[in-house]
Structure formats: structure tokens, C-alpha cells
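Hi,

Here is the structure I promised to pass on.

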Amino acid sequence: MKITTITRTIRNTKRLAEIIKVLSAYGFRQVLIDSGISRLLDREVEGPDAVTASNIPKPVRFRRVLEELGPTFIKCGQILSTRPDLIPAEWAEELKKLQDNCSEIPFSEIYDVLSMDFPGRLDELFSSIEEIPLAAASMAQVHRATLRDGQQVVIKVLRPDSRQLVEEDMALLESLSQIVEQYFSNLGYSPVAVVKEFSRELAKEVNLIYEGQSTDRLRRYFENDPNIHFPKVYWSATTRHVLTLEEIHGRLLSTIQPDSLSPQERRAIVAKGTDAVFKQCLRFGFFHADPHPGNIFLLADGSICFIDCGMTGQLDRKTTDQLIDLVAGVIRGDIEKLCRVVVELTDTDPAKTDQRDFRADLQHLISHFQNADLQHLDISTLLTEFFEMLQSYHLQCPGDLMLLTKALTTIEGVAAHFDPTFDVLAHVEPQIQEIVINRYGFNALKDRLQKAAAGYFELFEYIPKDIQRFLDHIRHRRFTLNLELKRIEHLADKIDLASRVMGIAMIIAALIVGSSILILADQLSDSQGFLGTMGLFGLGLAGVYAVGFAVSFLLPKKRK
């Protein structure tokens, strides 16, 4: 075994012990035992649950666990807060309080990262870098700097060893998720799949090129819009560990008191922010998933600029159409359309949507919004209640849809803070109507017919060749039929278990029969004693086997 592998194993064991210790201290000892996680260390979880934890709600304790376990778990909690389809709503709300602000690290460590990423050319890129950071988070630290051409910029630098810590923690979480999936089969989603999704998101956090690409992409979308901006990315000074952006000179919305602005200024801010988010979501299909006031600057000319594009979501055309179908189905009270949307969004068994209780809950949901016009429909509330209902049936939705709900809810919160009288849906109704017209208008239908016709013509073109190829295979006796058997491993396990049971039963029967013959032969022989003793020993051995065989079925099975 390699030294690095041994070192990693030791490190993972220590980290696992730390995780178990923290969970136990916050009152989750029984969960560790029920899930079998505590058995990984081949010892029981030490110590009773913390007495002080019993009076604290579980969501609060879980948030504190994540905060104590560090950056990887904080980021996972922040992602989990956007997924009310995976956890109860009150847990998701509590996890929104997670903060990744932490103490600053010395500038010498930041300088080492910069020197390593720009070997021999750091002084060629920057004329100065301020040592006092603008912000310090768990994953990165932000400093103000000046390029050689005089351009003022900010540089976001990953903390040393952040990537290694995240990769090791995620590898450990993937192993734990496999255990949880084996012990809890009624969650309604796959913990392994969820951890893999979180792993993909965290991979973006520790590779700042992704954030740079997202920022650049959104900037291009709005380059001709004078009211909405995104910072420029300086790619010559950007790597996986360093992101260099133009410095935005303005005021963060989080630092502005609404009373300090005129009603017209407040309404203009909300209108521009709402336009930006809905255009990203519905028109471009790529959106900033966290447009809170701390990520939006108000510039001197009244325009706004979004920063921190690390968390983004992407919707394809099909998903956007499904969302439109969802809103239309709710307004019209069309249960059948909504059931089709559920099946397409969650990939669930259509039989589930045919259940009476599911349809009753769906009817109860749409009764709150039915017959409402678009101007008075609260889309974020609709989506939140819709996903909560799916979560109660253990149906998992795509992660980007949950990010969309988060983005819409966040921008509505900004609107409520600056101008409570602002009607978000009334403002964006023209955009939604334009999308609907583009989907169902004459030109859209003509395009669909043309695509369908082209597809059918292509199909008819290749049918003769496919038939000829099929006949050639039959003629040369090369025709094969491939069958995919689902869950065949369970059948193999059953066969293996049956063979073991039959083998043990045959051994016990052979011992009984053989011992009986020995005892009978001993009674018929002239010199009795030896054969009878062997027979009695064989019967005793058969009895031990039989008792062990019975006990093995009575004891609870431990999953692999």
C-alpha cells in the first residue's frame, strides 16, 4: 500500500471519529447507532447525549453540527437549505442561517498561493495588492489589488488546502451515504445521488474558473442592458485558485436603509432586480441563484450590479416549458396536466399520481391559486408549496428547480424590503406572456411541425437500410437478443442463501443418519463402546449445528 493511501486512511479515520463525536455531543447518538455509522470505528459511541442539547430543537442542533464540522459541511448545509424537497421546511429555513464567515488568514499564506499560481509573473500582473482583506470566508479570502495598467480589481483567493479538505470530506461523505442508503430505504431519494450532486456543486466552489465562466456568461447576456451589470473577469490573472474581477464602486443593497431613498429610487431598484432575475430564469435559462442584497451593488447612475456568481442554476427548454405547464395547470385547475408535470419533473412512477390521496392533495394545493389571474399569483409561494407536497410523498425534484425557487424567493424578499407595494408578477407579466406566445404562437407551431416533419422524413429514409441490416443478421445467423435484468444481484443472493441452507441441512441430516447407524451397529456388536460413543458425539454435533442454524435466522441481520 502506498504511503499516501495509508496517510489518507488515517486522516479519514480521525475525521470520521470527529464527525461521530460532534453528532453525539449534539444529541444525534441514536441516529449514528441506527444507521450503523458508529460501527465503522469498531466501537460504540462514547458518552451519553449532551444534556444541554435536549432542550434545543433538532434543526438548530443540526445547524450547529455543520458549523462545528467546518467549511465542507457548511457549504453542504447551504446547498441543503435550497432543497426543501429533501428535508422538512423548518430544517431548510434553519440552514439558511449558516454563515461561512471566519477569521482571516495571514497575507503571507495568500501570497504563497498567488506565487504558486503565477510563477515568475506575479509582479508583471499586479502593481499592488492590499494585505488587509475585504472579506474572509471559509473557502476563500478577498483582497483589493491594482493591475499593472492601473485597473482596480478584487482578487478572490482560495485558502490553502481548501481543495484537499473538500475532496477528503466529500469522499468520506460518499462512503457514509452508502451506509445510510442501506439502512434507510424509505427516504424517497437516494442519499448517494444527493451526495454526488453536492460533490459536483462543491467542485465548483474549489475551482474558481467555474465562477469566472458564470460571471462572464451572465455579463454577456446583459452587455447591452444599461440597467444591469456583472463584473468583468480578467482571465490573464485568473486560475483555479485565483479569480480576478473588476472592482465595483457602489453601495451594497444590504448597507442601504430604504428610508434613505426616495420612493422612485426604491421602485427602480426593485424593478431592475426583478427584471434581471426573471430574464435569467425564463429567457436565458441560466441564473444567479443567490441574488440577496449582499450580492447586489447600487451604482452611482442608478443601475445595479450582481456579484458572487458562485451559485448558479441552469434550466433547459424542456424544464422551462414544464414550469409554464405547472403555472397554467394550477390557474386552470387541470389535474391531468399537473400529474404529467409531476411525472416528467420527478421521473416517478405514473401509478403514484393516480392514487386518490395524491390527487386530493394536489386538488387542495391548486384550490389556493385556482382562477387567479397572473398578476395576483405568487409564483414563489406556489412553487414552495408544490415542492413541499412532493417532499411529503418522497418525490425528488431536480436541483436547479429548487435553486430557481430560491432565486425567485430571494428577489421577492428584496422587493418586500425596499418597496412592499411592488407587484412582482404584474411587473414581469409581459415577459411571461411573451414566452407563452413564443411557445404557442403560429411561428412556434410552424417550427414544431417543420422539426417533426424533418424527423419523420429522416426516419423513413433510414428504415430500408435498417431492415436490410436486420435481414443480413438473420441470414448469417448473427441475430442476438440482449436482455437487461433489473436487480439480478438480489436473485443471486437468494440462490446463494438457498444453497447454503440446503448444504447445512444436508450436513445435519447426514450427521443424524450416520450417528444413528453407528449407535445401532454398536448395540449389535460383541464389543460395545467405541461406535456408540462416536454415534453420540455425532448426534451432539448435529444438535449444535441445528441450534446454531435456528439462532442464525432469529438474530437480526447486519447489512453489508
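First, some housekeeping. This is a predicted model, so local features need pLDDT of at least 70 and side-chain atom pairs count only at pLDDT 80 or more, while totals for chains, interfaces and linings use all residues. Residues are numbered from 1 along each chain as its sequence is written, and side-chain values use heavy atoms, with hydrogens and water left out.

Let's start with helix H10, residues 208-221. (Helices are DSSP runs of H or I with at least four residues, strands are E runs of at least two, and both are numbered from the N terminus.) The end C-alpha atoms of H10 are 20 Å apart, which agrees with the 20 Å that its 14 residues should span at 1.5 Å a residue; the expected span is 1.5 Å times one less than the number of residues. Several H10 residues are buried, among them Leu-208, Glu-211 and Asp-216. Buried means under 20% relative accessible area, exposed over 50%, and partly exposed in between, with a 1.4 Å probe and protein chains only. The cover over them includes helix H9 (191-205), helix H11 (263-284) and strand E4 (152-158).

Now the rings. There are seven aromatic pairs, counted for Phe, Tyr and Trp (its six-membered ring) when centres lie within 6.5 Å; planes under 30 degrees apart are stacked, over 60 edge-to-face and the rest tilted. Phe-118 and Phe-126 are edge-to-face, because their centres are 6.4 Å apart and their planes at 70°. Both are buried. Elsewhere, ring pairs link Tyr-221, Phe-222, Phe-230, Phe-284 and Phe-306 into a cluster.

If you're wondering about cysteines: the whole structure has zero disulfides (cysteine sulfur pairs within 2.5 Å). The sulfur of Cys-305 is 8.4 Å from its closest cysteine sulfur, in Cys-309, so it is too far for a bond. Cys-305 is buried, at 1% relative accessibility, and Cys-76 is buried at 9%.

Finally, the cores. A nonpolar core is a set of buried Ala, Val, Leu, Ile, Met, Phe, Trp, Tyr and Cys residues joined through side-chain atoms within 4.5 Å. The largest has 63 residues, of which Phe-358, Leu-362, Phe-386 and Leu-390 touch the most other members. Helix H17 (residues 399-418) gives the largest share, ten residues. A second, separate core of 38 residues includes Tyr-26 and Val-195.

Cheers

How values were computed:
Contact means heavy atoms within 4.5 Å.
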